Amino acid sequence: MRCPHFDAARCRSCTLMGTPHPVQVSDKQRHCQDLLGGDMSWLPPVTGPERAFRNKAKMVVGGTVREPTLGILDPRGHGVDLRDCGLYPESLQASLGVLAAFVVRAALTPYDLSSRTGELKHLLVTESPDGELMVRFVLRSQEPVARIRKHLPWLLQTLPGLVVASVNLLPEHRAVLEGEREIVLTERSTITLRVNGIDLHLRPQSFFQTNTEVAAALYRQARTWVEELAPPSVWDLYCGVGGFALHCAAPGREVLGVEVSAEAVASATLSAREAGLGGVRFTAGDATAHALAGGPAPALVIVNPPRRGIGAELAGWLERSSVEHVVYSSCNAESLARDLAAMPSLAPRRAQLLDMFPQTAHYEVLTLLERR
């Protein structure tokens, strides 16, 4: 894959740009195996398209209200427009052009880092496999909300796929993507991502993998392992919108998903209800606190933590518990290696690398642990 923005040094986010994709994958596999060590069995790595694979665009808004840029900021704080970024499908690229026109139409002044003035900080756009769009306007204050509401009918008409629009408020001057408060502006509050025949509902503040095709393979492999083991009870910790829990549901099996985001739990609960999965339930809470609260442990635990890993407390609980198997999905093999070292009684038996983030050094790795 070639990128004019990378070649011109306007954007270097894709650090492996120009490296042949098979070489990228083999280097990631070697790096992961070196970190994890052991004598586990490795399945062939999962790959998908090396371009046009992202289902989400996280665009910093720069420039001016008359000529906004959607992309990143350069070292001087000036906007670099990346609406034609090759990581996005053409349909998602096309929506970014319409959204840039909406910024002008609704007079949404881009936020300026140096002067700390302006309103619109980020545009977050998610597209489902069926072409449904969710657009979130990250603002400094509520001042532009009335204008967004006024011009929203034009946006809905111009972008037929747009079904969820919301405002996220981030009043602080911080290097974060979004704030805590969300204002939904449309009748619908979720888009539907159909993955392996399962409808996952995604709300504005819910997390989902940015590579839908590879995420589907991740869920399929986890389901295969769980079906082989046939545990009577499963916990899915850091469950997000319930991808692992819903894929691993089965008659007679109790599945509990735990996620700190109440928005994600609401989405997962809706998905389980629509699918008629009575044995699956979800609760909002901290994964570690839930495990440490006591009560009978399940036969199998699935963990899909953020980059920092599950940490010493949860790893220690798993080590001491009666849990027989753990399915660990990690986006950071270094934190995974630390967590494995803290659970010596749970030996890694099988693993698979999934190239979730082509053109970068990042990847996902799925590991099956078994009590010795």
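**Reading the terms of this predicted model**

Q: What volume does the second largest pocket have?
A: The second largest pocket has a volume of about 460 Å³, where a volume is the space filled by probe spheres set on grid points joined across faces, edges and corners. The model is predicted: local features need pLDDT of at least 70 and side-chain atom pairs pLDDT 80 or more, while totals for chains, interfaces and linings use all residues. Numbering runs from 1 along each chain as its sequence is written, and side-chain values use heavy atoms, with hydrogens and water left out.

Q: How do you know that the charge of lysine 121 sits over the ring of tyrosine 111?
A: The charged end of lysine 121 is 4.7 Å from the ring centre of tyrosine 111. The rule asks for NZ of Lys or CZ of Arg within 6 Å of the centre and within 35 degrees of the ring normal. Arginine 12 likewise has its charged end over the ring of phenylalanine 6, 4.3 Å from its centre.

Q: How many aromatic pairs are counted, and why is the pair of phenylalanine 102 and phenylalanine 137 called tilted?
A: The count comes to 5 aromatic pairs. The centres of phenylalanine 102 and phenylalanine 137 are 5.5 Å apart and their planes stand at 45°, so the pair is tilted: rings of Phe, Tyr and Trp (its six-membered ring) pair if their centres lie within 6.5 Å, with planes under 30 degrees apart counted as stacked, over 60 as edge-to-face and the rest as tilted. Phenylalanine 102 lies in helix α3 (90-105) and phenylalanine 137 in strand β6 (133-139), so the pair ties together parts 35 residues apart in sequence.

Q: Why is phenylalanine 102 called buried?
A: Its relative accessible area is 0%, and buried means under 20%, exposed over 50% and partly exposed in between, with a 1.4 Å probe and protein chains only. Phenylalanine 137 is also buried, at 0%.

Q: Which residues does valine 98 contact beyond its neighbours within four places in sequence?
A: Valine 98, found in helix α3, is in contact with Trp154, Leu155, Thr158 and Leu159, contact being heavy atoms within 4.5 Å. Valine 98 counts as buried, because its relative accessibility is 16%.

Q: What makes the link between asparagine 55 and threonine 212 a polar contact?
A: Their side chains come to 2.7 Å, and a polar contact is a pair of N or O atoms within 3.5 Å, one able to donate a hydrogen and the other to accept it; residues adjacent in sequence count only if both atoms are side-chain atoms. Asparagine 55 lies in the loop between β1 (41-42) and β2. Its relative accessible area is 5%, so asparagine 55 is buried. The residues that asparagine 55 touches include Leu92, Val125, Phe208 and Thr212.

Q: Which residues of helix α10 are buried, and what covers them?
A: In α10 (333-341), Ala333, Ser335, Leu336, Ala337, Asp339 and Leu340 are buried. Their cover includes α2 (21-36), α9 (311-320), β15 (325-330), β16 (346-354) and β17 (364-371). At the start of α10, a side-chain oxygen of asparagine 332 reaches to within 3.1 Å of the backbone nitrogen of glutamate 334.

Q: What is the phi of alanine 230?
A: Alanine 230 has a positive phi of about 50° although it is not a glycine. Most residues other than glycine have a negative phi. Alanine 230 is found in the loop between α5 (212-229) and β11 (233-237), and its 48% relative accessibility counts as partly exposed.

Conventions. Helix = DSSP H or I, 4+ residues; strand = E, 2+ residues; numbered from the N terminus. 1 Å grid on protein atoms, 1.4 Å probe; cavity = no way out; pocket = protein on both sides within 12 Å on 5 of 7 lines; lining within 4 Å.
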